[in-house]
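Biologist: I am new to this structure. Could you walk me through how to read its features?

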Amino acid sequence: KNIVYFDEIDSTNNRAKELGEKDGAHGTLFVADRQVAGKGRRGRVWESPKGISIYMTILLRPDLIPTKAPMLTLVMAQSVAEGIREVTGMETGIKWPNDIVMNKKKVCGILTEMSTEIDYINYVVIGVGINVNQKAFDEELKEKATSLMIETGASVKRSALIAAVMKHFEKNYALFMENGDLSGLQESYNEMLVNRGKEVRILEPGNEYNAHAYGINETGELIVRTQKGEEKHIFAGEVSVR
Ligand code: BTN
C-alpha cells in the first residue's frame, strides 16, 4: 500500500492535493506526526500537536459524477467509527454529516476537498483528524473536544488505529462504489447517528429552523420533518445542524 509519512507538514490535505494535481496515485495515504497549518472546516484551524494524534489524508480518483463526491465523507465517518470500535471496544456516535463524537464531544473531524470538472472528478482528498492521546484540552476546546485517551482512560496505538480505519474504509468504499450510493451503509450509519430521533436546529444560509431528524437516505441527505409537518432533505455542505 502506498503510504507517505511526514514528521512535520503544513497540512496533509495540502500535500495530498499537491500530489492530486500531479501524478499521485489513487489510494495514497498521507500521514503526519504533526501539522503546522492543520485546517478544519469553515476555515478554522485544526490544532495538530506532535506525537499524540492522528492527522491523515487519503487521495482518491473515483470514477464518479462530481455530485456524488460528498458521500465519500460519510463513508469515511463510518469507517472511523468502526475503526475506533475495533481498536478500543468503545462505541462512538456520528453527528451528521461527519463529526465523530463521544459523550457529546468531538473526537474526530473530517475535511474533504476536491478538484472536479463538470462531468468527472479529477481527485478527492479526505482528511481525517482523530484526537487520540491528548490528556486534556485547553479552556477554549475542552467543552467541545475530547480524545480517545480521555474517554477510555488508556493510551491507544496510533498505527493500529490508522490500520483499522483504513481497513474499514477499503471495505466501505468498495460497497459504496458497487452501489453507486450509500444504500449498503445507510443502516449502520443511521444506527450510529446521534441526531436520529432528535430535534435539530438547521442553519441554512439566511434561514434557521428546528426540525425532527429521522436519519440519512441513500444519498447521505438528512431526512427531517419541520414543525409545519413538511418533510425536507438536508444536503450537507451549506447547511449545518446543531
Ligand atoms: C473539522 O473541522 O471538523 C475537520 C478537521 C479535519 C482535520 C484533518 S487533520 C488531517 C487533515 N489535514 C488538515 O489540515 N485537516 C485534516
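Modeller: Start with a single pair of residues. Histidine 212 stands opposite arginine 225 in β10. One caution: this is a predicted model.

Biologist: In what sense do β9 and β10 pair, and over how many bridges?

Modeller: To read a pair of strands, look at direction, then at bridges. Strand β9 covers residues 207-216, and strand β10 covers residues 222-226. They pair in the antiparallel sense, over five bridges.

Biologist: Which residue takes a positive phi in the hairpin of β9 and β10?

Modeller: Glycine 220 does, with a phi near 90°. This hairpin has five residues between the strands.

Biologist: How many bridges join β10 to β11?

Modeller: Four bridges join them, and the two strands run antiparallel. Strand β11 spans residues 231-234. Leucine 222 stands opposite isoleucine 234 in β11. The hairpin of β10 and β11 has four residues between the strands, and glycine 229 there takes a positive phi near 85°.

Biologist: Now the helices. How far does α2 reach from its first C-alpha to its last?

Modeller: Helix α2, residues 71-88, has 18 residues and reaches 26 Å, close to the 26 Å expected at 1.5 Å a residue. Then check cover. In α2, 16 of the 18 residues are buried. Glycine 89 follows α2, with a positive phi near 75°.

Biologist: How many residues has α5?

Modeller: Helix α5 has 22, residues 158-179. From first C-alpha to last α5 reaches 31 Å, close to the expected 32 Å. Its buried residues include Leu161, Val165, Phe169 and Phe176. Among the elements that cover the buried residues of α5 are β2 (29-32), β3, α2 and β7. Glycine 180 comes after α5, and its phi is positive, near 75°.

Biologist: Where is methionine 90?

Modeller: Methionine 90 sits in the loop between α2 and β4 (93-95).

Biologist: Why does methionine 90 count as partly exposed?

Modeller: Count the C-beta atoms around the residue. Methionine 90 is partly exposed because 13 other C-beta atoms lie within 10 Å; a buried residue needs 20 or more, and an exposed one has 12 or fewer. Beyond its neighbours within four places in sequence, methionine 90 is in contact with Ile84, Arg85, Glu151 and Thr152. Sequence and space can also be set side by side. Methionine 90 and isoleucine 100 are 10 residues apart in sequence and 12 Å apart in space, C-alpha to C-alpha.

Biologist: What does the domain assignment give?

Modeller: The assignment gives domain 1 (3-191) and domain 2 (195-241). Their C-alpha centres lie 23 Å apart. The contact takes 12 residues from domain 1 and 11 residues from domain 2.

Biologist: Which elements give two or more residues to the side of domain 1 that touches domain 2?

Modeller: They are α2 and α6 (186-192). Helix α6 gives the most, with three residues. By class, this side of domain 1 has seven nonpolar, three polar and two charged residues.

Biologist: Last, the ligand. Which residues come nearest?

Modeller: Of the 20 residues around the ligand, Ser11, Gly40, Gly109, Gly127 and Gly129 come nearest. Elements that give two or more residues to this shell are α1 (12-21), β3 (54-60), β6 (105-116) and β7 (121-130).

Biologist: How is the shell around the ligand made up by class?

Modeller: Six residues are nonpolar, 10 are polar and four are charged.

Terms used:
Residues numbered from 1 in each chain as written. Predicted model: local features only at pLDDT ≥ 70, side-chain atom pairs only at ≥ 80, totals over all residues. Near = placed C-beta within 6 Å. Nonpolar A, V, L, I, M, F, W, Y, C, P; charged D, E, K, R; others polar. Expected span 1.5 Å × (residues − 1). Pairing = 2+ DSSP bridges. Contact = placed C-beta atoms within 7 Å. Domains from an automatic or database assignment.
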